[in-house]
Amino acid sequence: MHELPQQLANGLALGALYGLIAIGYTMVYGIVQLINFAHGEIFMIGGFGALTTYIMLPSGTTLLVAIPLMIIGGAIASVAVATAAERFAYRPLRGAPRLAPLITAIGLSIVLQQLVWGFYPDAKKPRSFPEFQGESFKLLDNLYLQRADAFVLVLAPLCMLALGLFVAKSRSGRAMQATAQDPDTAKLMGINTDRIIVMAFAIGAAFAAVASVAYGLDKGQINFEMGFILGLKAFTAAVLGGIGNIYGAMVGGVVLGLAEALSIAYIEEIPGMQQLGGGAWANVWAFVLLIVVLLVRPQGLLGERVTDRA
Amino acid sequence: MTALLEVEDLRVAYGKIEAVKGISFSVEAGQVVTLIGTNGAGKTTTLRTLSGLLKPSGGRITFDGKPLGNVPAHKIVALGLAHSPEGRHIFPRLTIAENLQLGAFLRTDKAGIEKDIQRAYDLFPILGERRKQAAGTLSGGEQQMLAMGRALMSQPKLLMLDEPSMGLSPIMMQKIMETIVELKAAGTTILLVEQNAQAALSLADQGHVMEVGKIVLSGPGSDLLHDESVRKAYLGED
């Protein structure tokens, strides 16, 4: 158990990353009941937007200056693609049977991947991100924090705090809650619900861009496929936490991240389970956790039971 | 003098099925006008069309001198038309105070909004007592009060109430009807849709009886209340 603090820290950092991406699934679902399966690709495009920004900076720019600019550049790219997708792919299908936008989302996800693969310079193989990792911070004898992990562990709570305040306190946030709870009645209040929907897509995309920069800095590279599995994991986190609930997304992310980290470290120490541990089985344990939680709490950890709308 | 609301030959269809088949009526400023009729007569469809949630398939709506037919729903309340929908539709996970604030979503006069929220609490003291409670925890009658209070928050020229007495206990129903009389006395113009014909007609200046998408009978509320065919069909007398 000597390495437990380290495993917890790794799990938290991974979970914070999942949580940032999960916000995008949960906000869009909360407002239009659409599972935007292209959100993983929105995350990936954020990474390429950030990389493009970095390439355009004069050489020798310090990371302290470069990283905030990369986040902004990544967010511009991901928000532009997400809002365009809403406007041209999803909005025309509002009111269509549920399956139509869902299939559109899956198709869009493939299209976006292939566009980056085909047209982004050298994107057919992984593209390297600026060197960031360097020396880790030593917090305890048995606890080191990698710089990229520290980055996401600071940024994710800040983003969540800002979003929580925005939704609870601002006029637009109030309008967003009203639209999520009852869109027709929100219109009767004078709320332009189309604008609120665009806003939900944009916020989710911006959070995904932050996550993609964190991911790139951690791995040292990004690639056109990275949105697939991370998107799936983040979606799992959103469902685990209770889809539609923004705090649920973060909680689900952290629970999932911790479960993965702990399963990698400890499952193989359980007698008889040696061959079911290690990194190769982490995804399996993550989804086992999802199934168990959904059996006990179908609405997710923080989700509300959906009652009949009278 | 032209009426505040003028509806001419209004038609509304869901796909191929016409729910409102060419109705005409008007509401003068200061009047209470009621549409009565059974389920499926097209009353709610008419109100939802007036507030832009449904698009008319024909006819004309003129409100305060402006044509409404193609104005999107979220721009209607700014023109002075507020709608308290059937089934109340309060925002269940927001507090009572937040629900009332949303009723004033387009207003920018903070002091005036505060004053009107206070007025809603005076009108319905129970709302004031529970202002910080989630609206979904209120009883049906209290939710109805909240829906009416919320609609009033936009300072409407015309207040549309859809089935305010639906599903309420007799005591609560009476309270709601008394409130409508109070609002009328204060000069509020009201378009009231009701299945409770007795209550609606006794306080309305003008009433219209709807049957399967058409207005079959119109007249002053008191006349309709004493009309034999109305009594037979809607007031349960033989």
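**Chatting through chains A and B**

Student: Which residues does A200(A) touch, if I skip those up to four places away in sequence?

Tutor: A200(A) touches M27(A), V28(A), I31(A) and M176(A). Two residues are in contact if their C-beta atoms, placed from the backbone, lie within 7 Å.

Student: How should I read the labels and the model?

Tutor: Residues count from 1 along each chain as its sequence is written, while chains are lettered from A and ligands numbered from 1 in the order written. The model is predicted: local features need pLDDT of at least 70, side-chain atom pairs count only at pLDDT 80 or more, and totals for chains, interfaces and linings use all residues.

Student: Which residues touch the most other members of the largest nonpolar core?

Tutor: That core has 168 residues, and A200(A) is in the leading group with L17(A), L20(A), I21(A), V210(A), A211(A) and A214(A). A nonpolar core is a set of buried Ala, Val, Leu, Ile, Met, Phe, Trp, Tyr and Cys residues joined through C-beta atoms within 7 Å.

Student: Is I21(A) buried or exposed?

Tutor: I21(A) is buried, with 30 other C-beta atoms within 10 Å. The cut-offs are 20 or more such atoms within 10 Å for buried, 12 or fewer for exposed, and partly exposed in between, with C-beta atoms placed from the backbone.

Student: Where is I21(A) found, and what is it in contact with?

Tutor: I21(A) sits in helix α1 (residues 4-32) of chain A. Helices (H or I, at least four residues) and strands (E, at least two) are DSSP runs, numbered from the N terminus. Leaving aside neighbours within four places in sequence, I21(A) contacts F43(A), A208(A), A211(A), L230(A), G231(A) and A234(A).

Student: What is the chain like over residues 12-32 of chain A?

Tutor: That stretch is 100% helix and 0% strand, with its end C-alpha atoms 30 Å apart. UniProt, in an unreviewed entry, lists 12-32 of chain A among its "transmembrane region" features, which also include 63-85. UniProt positions use the numbering here, feature names are shortened, and annotations may be inferred rather than shown by experiment. For residues 63-85 of chain A, the ends lie 32 Å apart by C-alpha atoms, and the span is again 100% helix and 0% strand.

Student: Which residue in the turn between β4(B) and β5(B) has a positive phi?

Tutor: D64(B), at about 55°, in a hairpin with 2 residues between β4(B) and β5(B). These strands run antiparallel and are joined by 2 bridges, with T62(B) opposite P67(B) in β5(B).

Conventions: Two strands pair if DSSP finds at least two bridges between them.
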